[in-house]
Each structure stands twice: as C-alpha cells, then as structure tokens.
Amino acid sequence: MRIDILTLFPQVFELPFKIGIFQRAIDRKLIDVNIHNIRDYTHDKHHMADDYPYGGGAGMVLKPEPIFRAVDDLKKKMDIVEEESTIISLTPQGRLFCQAIAQELSFKNHLILICGHYEGVDERVNQYLATDEISIGDYVLSGGEPAALVVIDAVTRLIPGVLGSSDSLEDDSYTNGLLEYPQYTRPAVFREWQVPDILLSGNHAHVAKWRRQQSILRTLKRRPELLDKVKLNSKEKQYINRLLIDQSEEKLD
Ligand code: 6GU
C-alpha cells in the first residue's frame with residue numbers, strides 16, 4: 001500500500017515510521033510512506049499555506065490551492081488512475097473512525113491523508129478533493145497529524161504479513177465486536193497477586209471458554225452498547241442474562 005501524507009508539520013512523522021510495526025511494514029515493503037510539506041506547494045513569495053476565514057472569526061484556514069496542487073502532482077508522478085486513490089481529509093467533522101473503517105481502508109492500494117490545521121481546511125478540499133472525511137473521536141486536536149498516525153497504525157497492522165502471527169488479530173478488541181480478555185505473563189505471583197489458575201492449567205478448551213467469558217463480562221461492564229452488535233451462541237446469551245441478573249443485584253464489581 002502506498003501512503004502519502006500532506007502536512008504542514010512533516011517533522012511529526014520523522015520518528016514514528018522508524019519504529020516498531022511501521023518500521024517492519026516499511027522494511028517488508030508492505031507500506032510505502034511519503035511525507036509532503038503542503039508549504040512546498042505554495043507559489044507566493046511568503047509561502048502562505050493558510051489565510052483568514054471569509055465571514056470573519058478566529059483562527060486561520062488552510063488554503064485550497066497548495067493542497068489541490070500537491071494531490072495533482074502526486075497523481076502526475078505516479079500516473080495512477082484517480083479512482084484508485086482514497087483521499088482522506090482528517091477533520092473533527094468526519095465520520096468516526098472505527099475497526100470496520102480500518103478494515104475497509106486496509107484493502108486499498110493508495111491512501112492520501114490530508115492533515116488539517118488551525119480552524120480547518122477550505123471546505124472545497126473536503127467537497128471536491130477528498131473522497132472521505134475521518135475523525136478519530138469526539139474531542140478536538142490542534143492538527144490532523146496524530147489522527148493520521150492513528151489511522152495508519154490501525155490500517156497497517158491489518159495488512160497481511162505486517163504482524164508476526166495472524167492469531168493476534170482474531171482476539172483483538174473490536175475484531176470480534178468484544179473487548180479483549182485480560183492477559184498475564186510471568187511471574188505467576190507478583191506482589192501476592194495471582195494469575196488466574198485456569199491460565200496455568202494447560203487446558204486449552206477451558207482457557208478459551210474463560211477468555212470468551214471474560215471478554216463478554218468486560219464488554220458488558222465497560223462498553224455495554226457493543227454487545228448489541230455481537231453474535232453470541234445460546235450458552236453465551238444465558239451467560240449474559242446471568243451476568244445481567246447479578247448486575248441488577250449489584251454483585252458485579
Ligand atoms: Cl481527524 N482532526 C482534528 N483536528 N481533531 C480531531 C480529529 C481530527 N479527530 C478528532 N479530533
């Protein structure tokens with residue numbers, strides 16, 4: 001997958017792509033990340049990438065020309081068909097990013113991410129250039145850069161060959177619609193806190209059942225709204241009903 005990032009702060013991306021999963025994915029040529037400074041596509045003497053908002057108000061707005069120019073330039077250089085590129089504008093007004101969108105994006109050949117700043121980008125960028133607008137949550141960031149890293153991280157780890165073992169994807173929180181079960185490693189006793197016996201038992205079927213139950217229990221306690229969308233078998237539904245009864249009797253800690 002080719003990834004192009006358009007930003008006013010290219011330095012933000014210097015370190016992250018040299019580390020961990022990003023580094024691995026780049027070394028294995030599974031992703032090819034290119035950072036572009038929007039300011040390099042300004043044509044005026046002062047390299048102005050932003051300007052005052054029409055209608056007045058606080059803050060500055062990113063100008064459309066440099067961003068359109070950067071994308072045109074990319075397309076020219078790569079001679080790729082337009083439909084093959086997904087152009088994402090990172091904005092708090094976008095659709096809320098989630099695992100399903102990460103999965104959808106992981107199948108694309110080419111992502112272009114536009115990092116907004118200040119009071120945002122000129123709406124014509126969102127309307128006529130971007131094919132998608134994404135927000136990573138209901139809070140305001142000062143720029144789209146951290147959001148771009150979040151999106152690229154979530155997408156990259158879904159590309160086959162990036163992670164060590166594909167098992168680690170199946171159990172991920174959200175992949176099966178549930179939160180992940182608790183994990184432990186050595187030592188079996190730490191400051192008198194014991195790892196649950198069942199995990200030391202070596203009985204894989206019991207471990208699998210315990211983990212599934214823990215996932216359901218956690219999801220019920222922490223993110224009950226997620227349970228509505230999860231496919232559960234009848235035993236699991238019974239288990240939930242039991243938990244709900246316990247909860248109503250306030251036994252759930
Ligand atoms: Cl994508 N950008 C900014 N500036 N703030 C955000 C966001 C994006 N997603 C949530 N908050």
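E192 sits in the loop between β8 and β9. R191 belongs to that loop too, the one between β8 and β9 (193–194). The names of the elements follow a rule: helices (H or I, at least four residues) and strands (E, at least two) are DSSP runs, numbered from the N terminus. The model is predicted: local features need pLDDT of at least 70 and side-chain atom pairs count only at pLDDT 80 or more, while totals for chains, interfaces and linings use all residues. Residues are numbered from 1 along each chain as its sequence is written, and side-chain values use heavy atoms, with hydrogens and water left out.

Is E192 buried or exposed? A residue is buried under 20% relative accessible area, exposed over 50%, and partly exposed in between (1.4 Å probe, protein chains only). E192 has 74% relative accessibility, so it counts as exposed. R191 is exposed as well, because its relative accessible area is 63%.

Now look at the backbone here. Most residues other than glycine have a negative phi, and most peptide bonds are trans. E192 is not a glycine, yet its phi is positive, about 70°. R191 also has a positive phi, near 45°, and is not a glycine either. The peptide bond between R186 and P187 is cis, with omega about 5°. P187 lies in the loop between α6 (167–170) and β8 (189–190).

Next come the aromatic rings. Rings of Phe, Tyr and Trp (its six-membered ring) pair if their centres lie within 6.5 Å; planes under 30 degrees apart count as stacked, over 60 as edge-to-face and the rest as tilted. How many aromatic pairs does this rule give? The count is three. In one of them, the centres of F17 and F22 are 4.7 Å apart and the planes stand at 45°, so the pair is tilted. F17 and F22 are both buried. F190 and W193 make another tilted pair, with 5.9 Å from centre to centre and 55° between the planes. Their cover can be read from the areas. F190 has a relative accessible area of 45%, so it is partly exposed. W193 reaches 57%, so it counts as exposed. Ring pairs also join F13, F17 and F22 into a cluster.

Turn to the interior. In soluble globular proteins, nonpolar side chains tend to be buried together. A nonpolar core is a set of buried Ala, Val, Leu, Ile, Met, Phe, Trp, Tyr and Cys residues joined through side-chain atoms within 4.5 Å. The largest such core here has 32 residues, and I5, L90, L105 and L113 touch the most other members. The elements that give it two or more residues are β1 (2–7), α1 (20–27), β5 (85–96), α3 (99–106), β6 (110–115) and α5 (145–156). Which element gives the largest share? It is α5, with seven residues. Another core, of 16 residues, lies apart from this one; L8, A49, V125 and L129 are among its members.

Contact means heavy atoms within 4.5 Å. Leaving out residues up to four places away in sequence, L90 touches L113, I114, C115, G116, I134, G144, A147, A148 and V151. L90 is also one of the residues around the ligand. A residue is near a molecule if one of its heavy atoms lies within 4 Å of it.

The side chain of S135 has an N or O atom 3.3 Å from a nitrogen atom of the ligand. A polar backbone atom of I136 lies 2.9 Å from a nitrogen atom of the ligand. For L141, a backbone N or O atom is 3.0 Å from a ligand nitrogen atom. Taken alone, the ligand exposes 290 Å², and the protein buries 96% of that (Shrake-Rupley method with a 1.4 Å probe; for residues, only the protein chains shown count as cover).

Methods:
A polar contact is a pair of N or O atoms within 3.5 Å; within protein, one must be able to donate a hydrogen and the other to accept it, and residues adjacent in sequence count only if both atoms are side-chain atoms.
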